[in-house]
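Please look over the sequence and the structure shown here before reading on.

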Amino acid sequence: MDNPDVLAWRDGHIEALDQTALPHQVRVLRIDTVDRLVQAITSLAIRGAPLLGAAGALGVALAARQGQAEGWDDARLDAEIGRIAAARPTAVNLSREVKAVAALIPDGTQAVEAAALAVLQSAAEVSHQISLRGAAYLVEACGRGPLRVHTHCNTGSLACLGWGTALGVIRALHADGALSHVIVDETRPLLQGARLTCWELDQLGIEHRLVSDGAAPFLISQGLADAVVVGADRIAANGDVANKIGTYGLALAARKAGIPFLVAAPESTIDEATAAGAAIPLEQRAAEEITVPAAPVGTKALNFAFDITPADLVSAIVTEKRLIQNFRR
Ligand code: MRU
């Protein structure tokens, strides 16, 4: 079954696969205003750091067209573009790509659209380079296996376009005959692992087992995984990694079990302007994502969407350009 494009620019508007409806419904959103784009980003219909970067870039083109149609002045256009950049705080790719494309507004709509499309078009090749480099690292570190790889959240084509980052590494191992199966965390509270990663692995015919997040560190301690590979939303200058809540626990378990903990991410996720993990803004989301439907009405919750894994727990970071070990330690 051919799926619609995860993200596309069509006749002056954005089309995006609604990731809140997956895996049970394949629904395409037609996004023709900044309001709708911000809604799609904050509701996680569009999600995953690299995809947020591409959507942000297209968002500038969308804002430029909407501004022309509705007669916005420069201040209004800046404000609307600012809303897109700030829609979610942790994934640096979003604000980074928005700022880069917005800098071309003085050159006109065509220049803006060309730059936005370039972000979209380069994403698949970036994913592929990360996938091959990461698989080579794991075979080097663990042998040809076949490997049992543990992963968290969703880092495939839905989050990145192309093969993906961490899921791309897994796909490259599979293509190389070096993969036994994948252990997938459900990834509460929005279940990106259960809903999206299992859906992608099904489509790829890659053997996998879904586990509850709480089980993951114990399963690693029992020797059920040869390596852990995850994505990232922001990597600080000292190598600290922000990723989906639950990642830190996997890093601790991997260290204790003596298995590699690999972070796969594009160069655009490395934020040299942020010195260390403590300075990375961590999104906190609505309590209801955790409390509904299980907890009594009115139960308070702490809903951090991301956590920080300190650099010293990361075996290596793989990007489309390089393999980084001992990040500035
Ligand atoms: O809240 P989400 O679903 O946008 O979080 C996504 C993640 O944490 C991913 O691991 C990260 O963005 C990397 S995607 C390649």
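Contact, as the word is used here, means that heavy atoms lie within 4.5 Å of each other. The model is a predicted one.

With that cut-off, and leaving aside its neighbours within four places in sequence, Thr-319 is in contact with Ile-130, Arg-133, Ala-265, Pro-266, Glu-267, Ile-270 and Ile-324. The residue belongs to the loop between strand 13 (316–318) and strand 14 (323–324). Is Thr-319 buried or exposed? Buried means a relative accessible area under 20%, and Thr-319, with a value of 0%, is therefore buried.

Thr-247 can be described in the like way, although its place is in helix 10 (residues 247–257). The relative accessible area of Thr-247 is 1%, so this residue too counts as buried. When neighbours within four places in sequence are again left aside, the contacts of Thr-247 are with His-152, Val-230, Phe-261, Asp-307 and Thr-309.

Three strands form an open sheet in the order 1-2-3, and their pairing is antiparallel. Strand 1 (7–10) and strand 3 (28–31) are the edge strands, and because each has a single partner strand, one side of each is left without a neighbour in the sheet. On average, and with direction ignored, neighbouring strands of this sheet are turned by 20 degrees against each other.

Strand 1 and strand 2 are paired in the antiparallel sense over four bridges, and strand 2 (residues 13–17) is joined to strand 3, also antiparallel, by four bridges. Some of the residues that face one another across these pairings are set out below.

| Residue | Partner | Strand of the partner |
|---|---|---|
| Leu-17 | Val-28 | strand 3 |

The hairpin of strand 1 and strand 2 has two residues between the strands, and in this hairpin Asp-11 takes a positive phi near 45 degrees. Of the five residues of strand 2, four are buried, so this strand is largely enclosed by the rest of the structure.

Helix 2 (residues 49–70) lies across strand 1, strand 2 and strand 3, and runs at about 20 degrees to strand 1. Which residues of helix 1 (residues 34–42) are buried? They are Val-34, Leu-37, Val-38, Ala-40 and Ile-41. Viewed down the axis of helix 1, these buried residues fall within an arc of 160 degrees, and they therefore line one face of the helix. The elements that cover the buried residues of helix 1 include strand 2, strand 3, helix 2, helix 3 (74–85) and helix 4 (92–102). After helix 1 comes Leu-44, whose phi is positive, near 70 degrees.

A last topic is the aromatic rings. How many aromatic pairs does a search of the whole structure find? The search of the whole structure finds zero such pairs. A charged side chain does, however, sit over a ring, since Lys-244 lies over the face of Phe-306, at 4.2 Å from the ring centre.

Conventions
Residues numbered from 1 in each chain as written. Predicted model: local features only at pLDDT ≥ 70, side-chain atom pairs only at ≥ 80, totals over all residues. Heavy atoms only, no water. Pairing = 2+ DSSP bridges. Axes fitted to C-alpha atoms, helices over the stretch in contact; angles between N-to-C directions. Phe/Tyr/Trp six-rings, centres within 6.5 Å; stacked < 30°, edge-to-face > 60°. Lys NZ or Arg CZ within 6 Å of the ring centre and 35° of its normal. Buried < 20%, exposed > 50% of the residue type's maximum accessible area, 1.4 Å probe, protein only. Arc of directions from axis to C-beta.
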